[in-house]
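Please read these numbered points with the structure open beside you, and check each one against what you see there.

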Amino acid sequence: MSNFKNFLLIAALAISPTLAQAADKSGELPFKLVQGFAIVVRGEIGPMHDLNFLLDTGAVPSVLSQRTASRIGIRGVSGSLTVLDKNTQAEYAEVEEVKLGWVHTDRLPMVVVDLAHLEQRLGIRIDAIIGLDLFVGQDISIDYKHRIITRGLSGLARHSVAVEAFSAAGAPYWVVPISLGGAQFRVLLDTGANDLGLFAPRASSQFKLARNQAIPHQSATGEQNAVTLPPMTLVLSDAKFKNQSAIVLGEAPGPLREIDGILGPTALGITRIELDWEQKCLRWDAQ
């Protein structure tokens, strides 16, 4: 599970009526874009319909809220969960009949977590967080402008970059190579984040950090001190983003210690991302 979600405190929002409709089984799924970055779609778990799923490519395994687990009657097995720099206990369960548009699985391993903190920050009910573990091998296009997820590749994306797809404890992650201020980094593709965040060890080796200027930074899992880097040029494949802002977080949790940070696509003004599993390629467009 990606534990550094840079969510902002926002006013209460309501799901638009279009999301309450049945998902288009032909391969189109509308979504609500909360605060300009968080993708919220309607899904189903077992007998429960019209659930709010947060689509988060950095959350692996997928997460089930304690409230939803209680309503369904799901009981899991206790295990360790790393949140920020702390270890806590959580329940791990096999959840039956998870549906999201045309994607359906009979069983999906999920960790049961109290999502009240996340719901408070997003101002919306979240019943589950769905990660890449539900979309393994599924090519999809996420169109931020038109608020729709489409099955397959659109052929409209003008840019592409080869990604490193690796697994940790059986969970899939997509890692994107970037250059920031001339330094090379490997960052997790994370649609559940709205920032470019670098983990301290790697960032400290490349940039001079003013620790006395660290400020509290709110995330989905709590608060930690973060250092804001001065704007720099970011290079992603064949595109340059001038005056790109970034923050430096603490150490990476658990399996993410292998990477240098996280990248929320909307932090770069990206308007479309496409996951090409066969080519291990991220295709994208920006403003």
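1. Strand β14, residues 171–180, is mostly covered, since nine of its ten residues are buried (buried means under 20% relative accessible area, exposed over 50% and partly exposed in between, with a 1.4 Å probe and protein chains only). Strands and helices are DSSP runs, numbered from the N terminus, of at least two residues (E) and at least four residues (H or I) respectively.

2. This is a predicted model, in which local features need pLDDT of at least 70 and side-chain atom pairs count only at pLDDT 80 or more, while totals for chains, interfaces and linings use all residues. Residues are numbered from 1 along each chain as its sequence is written, and side-chain values use heavy atoms, with hydrogens and water left out.

3. Strand β14 runs antiparallel to β15, residues 183–189, and six bridges join them (two strands pair if DSSP finds at least two bridges between them). Leu 180 stands opposite Ala 183 in β15, and in the hairpin, which has two residues between the strands, Gly 181 takes a positive phi near 60°.

4. A salt bridge, meaning a side-chain nitrogen of Lys or Arg within 4 Å of a carboxyl oxygen of Asp or Glu, occurs eleven times by this rule. One of them joins Asp 285 to Arg 158, with the closest N and O atoms 2.9 Å apart. Because Asp 285 lies in strand β22 and Arg 158 in the loop between β11 and β12, the pair ties together parts that are 127 residues apart in sequence. Asp 285 is buried at 8%, whereas Arg 158 is exposed at 61% relative accessibility.
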